[in-house]
Amino acid sequence: MTETKGDREPSFEDRLRVARTKQGLDKPAPTSASADMGGRSAMGIGLRVGVELVSAMIVGVGLGWFFDRWLHTTPFLLILGVLLGGGAGVANVWRLMGPKKPPA
Amino acid sequence: MAAEHTIDALGQFRLFPALGPLGASVNFTQSNLMMLISSAAILWLLWAGMRPRAIVPGRLQALAEMAYSGISGMCTEQIGSEGKRFFPFIFTLFFFVLFGNLFGLLPFAFTYTSHIAITFALALMVIVIVTFVALRIHGLHFFSYFFPAGAPKLLAPLIIPVEIISYLSRPVSLSIRLFANMVAGHVMFEVFASFIVMLAGIGTLGVIAAIGPLALNVALMGFELLVAFLQAYVFAILTCIYLHDAVHLH
């Protein structure tokens, strides 16, 4: 229980506060959600954007194709699916790269 | 073999029955075997790591404690204080993917995360759980997620399908990202390793030239170790972000 001489070691109060915040007993410090998304290489960002675009297109085309087969409306829903899938891909990328919303 | 060697980059992803005739009769492949091995390794790490219960941890205990506190911190940081409830799920997911990626780098091992069937099954599990959590917490109010509050009503027929497709594309992008990274790395290994064999087949000059692809493969191994960690981390953190959306719904 002796006082540490240097300020190398954080005091008990500090450590308690950190531990309480971590356990959710005190109100948590405001954290920037997904702050780590920006700090990556250009290659990584490029791959992520590409994957988002392609996967939205896959889902759009897949849904269009499936409903076309089901409802016998070939090829109109597939065309609609391609357009909506492309739109959803751009929406994904915008959500990923666009300006961040101010924390509510 | 040496002179006639062709590049068979995708042959390494073929599934074979493991464990002899017993495994063959129930279609137990080397992929399933690797899953069992990595699951056993995760359990062993935690069991053997926490057995000493030392106040000053040894190496293995420090690793186990870092694994626990790292994922625990990720859950509470990304999801909020509710994140602790999802800790077991995120922990299991992260280490299953991480050990699959890492063990896949060992010689003669198989990378189960290089099959889209595996990664898509994991991603499908994630999205089903996320949707279930959102419905459980917010009820039918969850469906307001597909239509942003401020948007004009006239645009609803356009926005709602786009938002639904965007939501459904999450498991697809999650699984493709992991699967494509693993496949690309192992294909590069195979291609450069084939170069070594083909060059060495030429003669003395070829043997000297084969040092090039060999050095490249050594460097690639370091890169692939990074990718193995990074992709497991990305998989876990995106699951956390989706869970955050499900819990807070904005």
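How many aromatic pairs does a search of the whole structure find over all chains? The search finds 19. Rings of Phe, Tyr and Trp (its six-membered ring) pair if their centres lie within 6.5 Å.

This is a predicted model: local features need pLDDT of at least 70, side-chain atom pairs count only at pLDDT 80 or more, and totals for chains, interfaces and linings use all residues. Residues are numbered from 1 along each chain as its sequence is written, chains are lettered from A and ligands numbered from 1 in the order in which they are written, and side-chain values use heavy atoms, leaving out hydrogens and water.

**Fold of chain B**

- Chain B has eight helices and zero strands. Helices (H or I, at least four residues) and strands (E, at least two) are DSSP runs, numbered from the N terminus.
- Along the sequence, the pattern of chain B reads α-α-α-α-α-α-α-α.
- Take contacts in chain B between residues at least 6 apart in sequence: 67% of them join residues at least 24 apart. A contact means heavy atoms within 4.5 Å.

**Surface and interior of chain B**

- Chain B has 250 residues, and 47% of them count as buried. Buried means under 20% relative accessible area, exposed over 50%, and partly exposed in between (1.4 Å probe, protein chains only).

**Rings**

- One aromatic cluster is formed by Y68(B), F87(B), F91(B), F94(B), F95(B), F99(B) and F103(B).
- R51(B) lies over the face of W47(B), 4.6 Å from the ring centre. A charge sits over a ring if NZ of Lys or CZ of Arg is within 6 Å of the ring centre and within 35 degrees of the ring normal.

**Backbone exceptions**

- Most residues other than glycine have a negative phi, and most peptide bonds are trans.
- L19(B) has a positive phi, near 60 degrees. This residue is in the segment before α1 (20-25) of chain B. L19(B) is exposed, with a relative accessible area of 55%.
- R53(B) also has a positive phi, near 50 degrees. R53(B) is in the loop between α2 (30-50) and α3 (59-79) of chain B. R53(B) counts as exposed, at 67% relative accessibility.
- In chain A, a cis peptide bond joins T74(A) and P75(A), with omega about 0 degrees. P75(A) is in the loop between α2 (42-71) and α3 (76-97) of chain A.

Definitions and conventions. Phe/Tyr/Trp six-rings, centres within 6.5 Å; stacked < 30°, edge-to-face > 60°.
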